Amino acid sequence: MKFHVRSRGDHDSNILSQRIRNYLEEFELQPDEEEPDIVISVGGDGTLLEAFHQYTHRLDHTAFVGVHTGHLGFYADWKPDEVEKLVIHIAKTPFKIVEYPLLEVIIRHTNEEPEDRYLALNECTVKTKVGSLVMDVEIKGDLFETFRGDGLCLSTPSGSTAYNKALGGAILHPSLPCIQMAEMASINNRVYRTVGSPLVLPQHHTCLLKPRYHDEFQVTVDHYTLSEPEMKSIQCRVADERVRFARFRPFPFWKRVKESFI
Ligand code: NAP
Ligand code: MN
């Protein structure tokens with residue numbers, strides 16, 4: 001089996017990463033950054049997001065596992081003092097795979113630029129550089145509302161505990177193949193009206209965001225920020241691809257929610 005260990009880059013994460021590499025090599029696993037079967041991220045949830053984006057082209061062949069060197073994470077749920085146990089699990093036992101849904105984002109342009117496709121593990125957000133965002137929100141091809149406000153956030157179930165939660169979105173169990181749209185400070189008056197509640201869309205219910213005015217948009221996909229001066233639309237739906245996590249012991253989602261927030 002081939003592995004890659006990705007560190008957040010701080011002192012503690014680097015030392016722990018090197019220990020994991022040494023252990024795995026003692027068990028005769030091969031380091032291979034290009035085509036790993038398993039990727040161990042050491043740091044926080046942000047480190048796992050980075051590891052995920054490094055391998056979006058081979059999600060079918062890569063399983064992820066996260067060790068946290070700070071607080072308990074949603075993706076990084078192994079403690080530093082458990083790494084010996086984790087390494088033995090990786091080397092000795094065929095591990096179980098748990099798959100989580102992803103968000104597909106397609107950005108189309110008003111000029112000749114070809115469309116861009118992204119996968120998000122947490123979410124995609126859209127804001128303007130200056131002033132409020134005014135966008136038509138279409139669901140399954142029908143105009144649903146015209147949004148005016150700070151921005152919109154479309155998240156995956158596993159991303160529902162991140163930015164989405166701060167916006168008052170619901171926490172969704174990652175076994176549900178769906179995406180959630182949450183508003184950022186919508187303007188509601190006699191002229192502009194939005195539904196106000198977060199919406200949960202099932203598979204194949206595409207959400208299309210179309211700017212009303214030409215503007216420069218700031219789009220985020222997980223930890224990346226994109227500048228979009230020529231954006232015609234953003235299309236969001238549940239992706240066909242899924243992310244695969246290596247599971248060596250049960251750590252139920254609701255337990256992670258409780259231990260992180262309560
Ligand atoms: P960051 O600024 O370090 O992330 C903000 C916090 O979100 C960190 O504590 C991070 O955990 C945590 N986080 C990431 N994914 C999570 C998840 N699925 N569930 C619960 N918490 C999660 O930046 P980053 O580490 O590069 O992460 C990017 C993410 O930050 C974005 O995808 C977005 O979800 C989140 N964010 C949140 C807000 C907000 O809540 N107002 C605003 C902007 C961005 P770690 O410390 O373990 O990395
Ligand atoms: Mn972080």
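The following paragraphs lead through a predicted model, from its domains to its ligand shell and then to selected residues. Local features are reported only at pLDDT of at least 70 and side-chain atom pairs only at pLDDT 80 or more, whereas totals for chains, interfaces and linings use all residues. Residues are numbered from 1 along each chain as its sequence is written, while chains are lettered from A and ligands numbered from 1 in the order in which they are written.

The chain is divided into domain 1 (2-94) and domain 2 (102-240), with bounds that come from an automatic or database domain assignment. Taken over C-alpha atoms, the centres of domain 1 and domain 2 are separated by 31 Å. Seven residues from domain 1 and seven residues from domain 2 make the contact, where two residues are in contact if their C-beta atoms, placed from the backbone, lie within 7 Å. On the side of domain 1 that touches domain 2, three residues are nonpolar, three are polar and one is charged. In this classification Ala, Val, Leu, Ile, Met, Phe, Trp, Tyr, Cys and Pro count as nonpolar, Asp, Glu, Lys and Arg as charged, and the others, Gly among them, as polar.

Ligand 1 draws at least three residues of its shell from each of domain 1 and domain 2. There are 16 residues around ligand 1, of which Gly 44, Gly 46, Ala 162, Ala 166 and His 223 come nearest; a residue is near a molecule if its C-beta atom, placed from the backbone, lies within 6 Å of it. By class, this shell has five nonpolar, eight polar and three charged residues. Helix H2 (45-54) and helix H4 (163-166) each supply at least two residues of the shell, and the largest share, three residues, comes from H2. Helices (H or I, at least four residues) and strands (E, at least two) are DSSP runs, numbered from the N terminus.

Helix H2 also holds Asp 45, which the UniProt annotation "active site" (unreviewed entry) covers. UniProt positions are given in the numbering used here, feature names are shortened, and annotations may be inferred rather than shown by experiment. Asp 45 counts as buried because it has 25 C-beta neighbours inside 10 Å; the term requires 20 or more other C-beta atoms within 10 Å of a residue's own, exposed means 12 or fewer, and partly exposed lies in between, with C-beta atoms placed from the backbone. Not counting residues up to four places away in sequence, Asp 45 touches Gly 73, Phe 74, Tyr 75 and Ala 76.

In helix H3 (residues 83-92), Leu 86, Val 87 and Ile 90 are buried. They lie on the same side of H3 because they cover an arc of only 100° around the axis, the arc being that of the directions from the helix axis to the C-beta atoms. Their cover includes helix H1 (11-26), strand E3 (38-43) and strand E5 (76-78). The face of H3 turned away from the buried side carries the exposed residues Glu 84 and Lys 92.

Ala 185 is found in strand E11 (residues 178-186) and counts as exposed, with 12 C-beta neighbours inside 10 Å. Asp 222 is found in the loop between strand E14 (217-221) and strand E15 (224-228) and is buried, with 23 other C-beta atoms within 10 Å.
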